[in-house]
Amino acid sequence: MSGFGRKQQPRAVYEKRKSERSVTTASATLVTTADRRSVTLVDISKGGAGLRAGSAPERGRDVQLRVGGHTLFGRVWWKKDGAFGLRFDETLSEEAWRTVVEAIRAVAAQECALAREVALAALSNKPPAQT
């Protein structure tokens with residue numbers, strides 16, 4: 001029963017991805033010439049990133065992805081149902097990619113700690129501490 005509940009994709013889809021992806025959930029900001037919006041970073045590789053947002057910019061739009069103190073330049077490569085992918089203007093070096101991933105993990109850890117604090121405060125009916 002392999003593939004149960006999964007949409008089978010042609011082998012070529014997997015072969016297009018040449019670099020390792022780091023899967024995450026972290027808040028980021030996407031900036032275009034027209035606006036700025038909050039997005040959720042879903043994954044990142046040396047060549048691009050997967051994101052989710054209430055509304056995605058148009059395919060082909062030049063963007064800046066700001067996350068963890070880093071700004072990455074790219075273009076919206078695909079979009080579907082609030083999810084979209086960026087292709088970076090320049091492939092990140094191994095060192096740059098690892099630095100960005102480390103920063104993203106720190107952002108995700110901070111968000112997780114804050115969410116835990118808010119949930120515990122709600123359970124105890126106390127306001128969360130100010131950071």
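## Arg37, a buried arginine

Arg37 counts as buried because its relative accessible area is 18%, and the cut-off for buried is under 20%. Keep in mind that this is a predicted model. Arg37 sits in strand S2, which covers residues 36-44.

So what does the Arg37 side chain do with its polar atoms? Leaving aside residues up to four places away in sequence, Arg37 touches Ala28, Thr29, Leu30, Ser55, Ala56 and Pro57.

## The strands around Arg37

Which residue in S2 is the bridge partner of Leu30? That's Arg37. S1 and S2 run antiparallel to each other, paired over eight bridges, and a hairpin of four residues joins S1 to S2.

Leu30 also has a bridge partner in S4, namely Leu65. The S1 and S4 pairing is antiparallel too, with three bridges.

Now for helix H2, residues 94-124. Its 31 residues stretch 45 Å from first C-alpha to last, close to the 45 Å expected at 1.5 Å a residue.

The buried residues of H2 are Trp97, Val100, Val101, Ala103, Ile104, Val107, Ala108 and Ala121. They pack against S1 (22-31), S2, S4 (62-67) and S5 (70-80). That list includes S2, the strand where Arg37 is found.

Technical notes: Residues are numbered from 1 along each chain as its sequence is written. This is a predicted model: local features need pLDDT of at least 70, side-chain atom pairs count only at pLDDT 80 or more; totals for chains, interfaces and linings use all residues. Side-chain values use heavy atoms; hydrogens and water are left out. Helices (H or I, at least four residues) and strands (E, at least two) are DSSP runs, numbered from the N terminus. Buried means under 20% relative accessible area, exposed over 50%, partly exposed in between (1.4 Å probe, protein chains only). Contact means heavy atoms within 4.5 Å. The expected span of a helix is 1.5 Å times one less than its number of residues. Two strands pair if DSSP finds at least two bridges between them.
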